[in-house]
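Hi everyone, thanks for coming. I'd like to walk you through one model today, so please have a look at the screen.

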Amino acid sequence: QVQLVESGGGLVQAGGSQRLSCAASGIIFRLNDMSWHRQAPGKRRELVAVITSAGSTNYVDSVKGRFTISRDNAKNTVYLQMNSLKPEDTAVYYCNAYKRFLGVTSDYWGQGTKVTVSS
């Protein structure tokens, strides 16, 4: 059974930092592209950051220079370090594991962790 369990959300003041973690089980973690997405109230879910199985990273423009995604394949965990947080970063943050191999796609989501940034 595949599980992605996010943690680290909570209330933080604007300008502060928060680190999210996503622990994966039931998948071959090192073969998956891992990403963080977020969904603010009344808005569509958006991709925030991705780290490929090879370690390449990419970010949405609004978080570049403030957020850092990383992974620890030994711990089957992906992280999102969020610095200089802004009220507009308030959202539920979701972890995703994606793999496509020989035409077969797997795509798993965590349950989300809420981040609230107060002004």
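Let's start with the disulfide: Cys22 is bonded to Cys95, with an S to S distance of 2.1 Å. Please keep in mind that this is a predicted model. The count for the structure is one disulfide. Where do the two cysteines of the pair sit? Cys22 is in strand S3 and Cys95 is in strand S9, 73 residues apart, so the bond links distant parts of the chain. As for its handedness, the torsion about the S-S bond is about -80°, so this disulfide is left-handed. Both Cys22 and Cys95 are buried.

Now to the core. The largest nonpolar core holds 27 residues, and the ones with the most contacts inside it are Trp36, Val78, Leu80 and Tyr93. Several strands each give at least two residues to this core, among them S3 (18-25), S4 (33-39), S5 (46-51) and S9 (91-101). Which strand supplies the largest share? That is S9, with four residues. As a general reminder, nonpolar side chains in soluble globular proteins tend to be buried together.

Next, strand S4. Five of the seven residues in S4 are buried, so the strand is mostly covered. On one side, S4 pairs with S9 in the antiparallel sense over seven bridges, and Asp33 has Tyr98 of S9 as its bridge partner. S4 also runs antiparallel to S5, joined by five bridges, with Ser35 opposite Val50.

Between S4 and S5 there is a hairpin with six residues between the strands, where Gly42 takes a positive phi near 75°. Ala40 is in that loop between S4 and S5 too. Is Ala40 buried or exposed? Its relative accessibility is 19%, and the cut-off for buried is under 20%, so Ala40 counts as buried. Beyond its sequence neighbours within four places, Ala40 is in contact with Thr90 and Ala91. The C-alpha atoms of Ala40 and Val115 are separated by 9.6 Å, although the two residues are 75 apart along the chain.

What about the rings? A search of the whole structure finds zero aromatic pairs. Charges do sit over rings, though. The charged end of Arg45 lies over the ring of Tyr94, 3.7 Å from its centre, and that of Arg71 lies over the ring of Phe29, 4.7 Å from its centre.

Last, two backbone details. Most residues other than glycine have a negative phi. Ser84, in the loop between S8 and S9, has a positive phi near 50°. Leu102, in the loop between S9 and S10, also has a positive phi, of about 50°, although it is not a glycine. How accessible are they? Ser84 has a relative accessible area of 42%, so it is partly exposed. Leu102 comes to 75% relative accessibility, so it counts as exposed.

That's my tour, and I'm happy to take your questions.

How values were computed
Residues numbered from 1 in each chain as written. Predicted model: local features only at pLDDT ≥ 70, side-chain atom pairs only at ≥ 80, totals over all residues. Heavy atoms only, no water. Core = buried A, V, L, I, M, F, W, Y, C linked by side-chain atoms within 4.5 Å. Buried < 20%, exposed > 50% of the residue type's maximum accessible area, 1.4 Å probe, protein only. Pairing = 2+ DSSP bridges. Disulfide = S-S within 2.5 Å. Contact = heavy atoms within 4.5 Å. Phe/Tyr/Trp six-rings, centres within 6.5 Å; stacked < 30°, edge-to-face > 60°. Lys NZ or Arg CZ within 6 Å of the ring centre and 35° of its normal.
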